[in-house]
Amino acid sequence: MAPTKKRNVILTKTTEQSGKRAKIDLNTKVNDVLQGKKNANDVFDILEVLESQKEKDVVNAVNACSKLFTTLLEKKDLFLGKLPTEEEEEAMSGGLSAEEKYRLFMRQRYSNCVEMLLELLDHELYSVKESALCCLMKFAEGEGRHPLEDLDWSEHYSFPRELIQGVVDKLLSKTTDNTMLISRFQEFLEMEDVRYYVMSSIRENVGKVMDKNKGALVPVYQNNVFTLMSNISIPGQESGLTNFMIKQEVKHDDWKVAKLNEHKRAFEKMWLGFLKYKLPSNMYKKILVILHDSILPHMSKPTLMIDFLTAAYEVGGAISLLALNGLFVLIHQHNLDYPDFYKKLYNLLEPSVFHVKYRARFFHLANLFLSSSHLPVYLVAAFAKRLARLALTAPPTALLIVLPFIYNLIRRHPSCRVLVHKPSTQDESVEDPYIMEEEDPAHCRALESSLWEIKTLQNHYHPDVAKAAGSINTPLSAKEDDISEVLEITTYELMERDLKQSRIKTVPLEFETATQLLKGGGDVLGQHFCLD
């Protein structure tokens with residue numbers, strides 16, 4: 001039931017009762033209203049308590065409204081059809097029976113109640129907001145089972161879309177962080193029909209709000225939208241669509257909400273509608289972190305995300321690193337052709353890559369992208385040389401990743417061994433021909449250089465790094481190094497490992513310890529003299 005724009009009742013009284021007294025009065029009044037139509041005006045007293053300043057009174061009033069109007073919905077004691085305006089009501093009042101007037105009156109009060117509950121979703125106290133949210137969703141279930149307006153039989157559904165839209169509009173506040181309330185709402189998102197119409201409502205709300213703000217950043221609002229959308233997940237198979245708030249009695253299987261492809265389409269439109277607007281930089285990171293496993297698998301056409309991913313990939317820094325995950329999925333699973341991909345990946349190799357939060361993820365993906373044996377040798381050599389140059393100033397934890405990474409590149413591409421066994425002449429210049437500043441790996445002259453940086457690292461202060469760098473002095477084994485074991489290593493773990501190493505034990509000097517060498521020397525000498 002959609003909230004009315006103009007409240008038909010003006011509540012002016014104040015509530016002074018204690019919480020216990022209010023609870024007793026509310027329960028009594030609810031029972032009175034349900035037992036006889038002559039007590040219908042008592043509904044005003046119930047609605048009045050919703051505006052109380054006391055938390056307990058408001059929560060009790062919400063519970064009372066829930067009981068009252070849920071019962072009226074089940075008994076079909078509410079007016080069916082679109083609510084008439086005041087002029088229409090005056091014109092038709094003469095032709096209405098007492099029963100019809102009662103139902104119209106109670107339907108108007110129900111509309112007032114819904115409007116007040118939606119306002120309570122902006123209340124400063126979480127307990128009040130939570131009670132109002134649960135009550136509204138109970139009303140949604142009641143309206144679904146006992147529709148108040150004509151059904152759209154072309155789609156075979158009876159679902160309170162307008163009420164859900166009202167709830168979503170309030171959850172997506174522009175001024176209040178509703179993270180806790182949205183987390184509470186997640187329980188209802190597990191229902192297939194609720195989730196479907198919530199996705200449609202989000203798309204409509206985002207378009208309306210962002211267009212009104214001319215695409216400008218609205219950080220609090222966009223964070224609420226992301227929080228709500230990130231709580232939505234789609235079942236992997238259509239057989240998983242079993243949990244419905246409202247089971248349609250007529251042609252349920254033909255209902256689009258019962259079709260997995262419709263859910264994926266709605267999910268896709270929702271995300272694309274949100275991502276087409278400018279986002280805060282921290283929002284890009286949040287989205288890219290979950291994109292590859294929480295968004296792309298649930299879209300009907302994941303390739304539609306290419307514009308967003310390429311834009312993020314061009315930003316640079318940590319955002320570009322995170323965009324790699326999504327691009328990896330599109331390239332390997334959806335045959336995406338990305339021009340100059342390796343050139344961009346090469347340019348991501350900067351000193352900061354060793355210090356970012358997502359270092360492990362970046363090297364894991366880079367290892368996958370460079371695993372093909374069909375890559376040109378100049379490209380692989382460029383990556384190996386650039387990493388070696390960056391290794392000169394990298395921390396030990398990063399070096400324990402980079403050195404095995406370079407060795408694996410050489411193992412996969414034997415032509416790159418020239419970087420290790422570089423013949424030189426006495427008159428050859430000591431200047432390195434490699435051009436670090438060159439953005440194109442095809443023109444950086446890596447194959448003309450050598451990996452002298454690794455030879456330098458053999459004198460590193462950390463023994464583990466020096467040992468790893470020393471591996472280049474012997475022929476590399478055919479088996480690749482498993483870098484997954486060192487991707488997540490931290491400086492703290494490295495120090496703890498060094499401190500826990502067992503100390504060298506005292507070296508034994510002889511098999512039996514001498515105990516009588518300096519004791520009773522005279523006797524021993526006397527015995528020797530006697531023997532002589």
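Visitor: Among contacts in the protein chain between residues at least 6 apart in sequence, what share joins residues at least 24 apart?
Guide: Contact here means heavy atoms within 4.5 Å. Take the pairs at least 6 apart in sequence, and the share that joins residues at least 24 apart is 77%.

Visitor: What pLDDT do side-chain atom pairs need in order to count?
Guide: Residues are numbered from 1 along each chain as its sequence is written, and side-chain values use heavy atoms, with hydrogens and water left out. This is a predicted model, so totals for chains, interfaces and linings use all residues, local features need pLDDT of at least 70, and side-chain atom pairs count only at pLDDT 80 or more.

Visitor: How many helices does the protein chain have?
Guide: Helices (H or I, at least four residues) and strands (E, at least two) are DSSP runs, numbered from the N terminus. The strand count is 0, and the helix count is 22.

Visitor: At what angle do helix 13 and helix 14 cross?
Guide: The axes are lines fitted to C-alpha atoms over the stretch in contact, and angles run from 0 to 180 degrees between N-to-C directions. Helix 13 covers residues 306-315 and helix 14 covers residues 317-333. Their axes come within 7 Å, and the crossing angle is roughly 145°.

Visitor: How many nonpolar residues does the contact of helix 13 with helix 14 have?
Guide: On the helix 13 side you'll find Ile306, Leu309 and Tyr313 among others, meeting residues of helix 14 that include Ile319, Ala323 and Leu327. For the classes, Ala, Val, Leu, Ile, Met, Phe, Trp, Tyr, Cys and Pro count as nonpolar, Asp, Glu, Lys and Arg as charged, and the others, Gly among them, as polar. The contact has 1 charged and 2 polar residues, and its nonpolar count is 10.

Visitor: Why do the buried residues of helix 8 lie on the same side?
Guide: Helix 8 (residues 179-189) has Leu181, Ile182, Phe185, Phe188 and Leu189 as its buried residues. What covers them includes helix 6 (126-145), helix 7 (161-171), helix 9 (192-212) and helix 10 (219-230). The arc is taken over the directions from the helix axis to the C-beta atoms. These residues are on the same side of helix 8 because their arc around the axis is only 105°.

Visitor: Is Arg411 buried or exposed?
Guide: Arg411 is part of helix 18 (residues 396-412). Its relative accessibility is 14%, so Arg411 counts as buried.

Visitor: Which residue's side chain joins that of Arg411 in a polar contact of 3.4 Å?
Guide: A polar contact is a pair of N or O atoms within 3.5 Å; within protein, one must be able to donate a hydrogen and the other to accept it, and residues adjacent in sequence count only if both atoms are side-chain atoms. A polar atom of the Arg411 side chain lies 2.7 Å from the backbone oxygen of Ser477. The 3.4 Å contact, side chain to side chain, pairs Arg411 with Asp481.

Visitor: What is the relative accessible area of Lys385?
Guide: Lys385 belongs to helix 17 (residues 377-391). Not counting residues up to four places away in sequence, Lys385 touches Asp432, Tyr434 and Glu453, among others. Lys385 is buried, and the relative accessible area is 0%.

Visitor: What is the phi of Lys214 near?
Guide: Most residues other than glycine have a negative phi. Lys214 is found in the loop between helix 9 and helix 10, and counts as exposed at 79% relative accessibility. Its phi is positive, near 55°.

Key:
Buried < 20%, exposed > 50% of the residue type's maximum accessible area, 1.4 Å probe, protein only.
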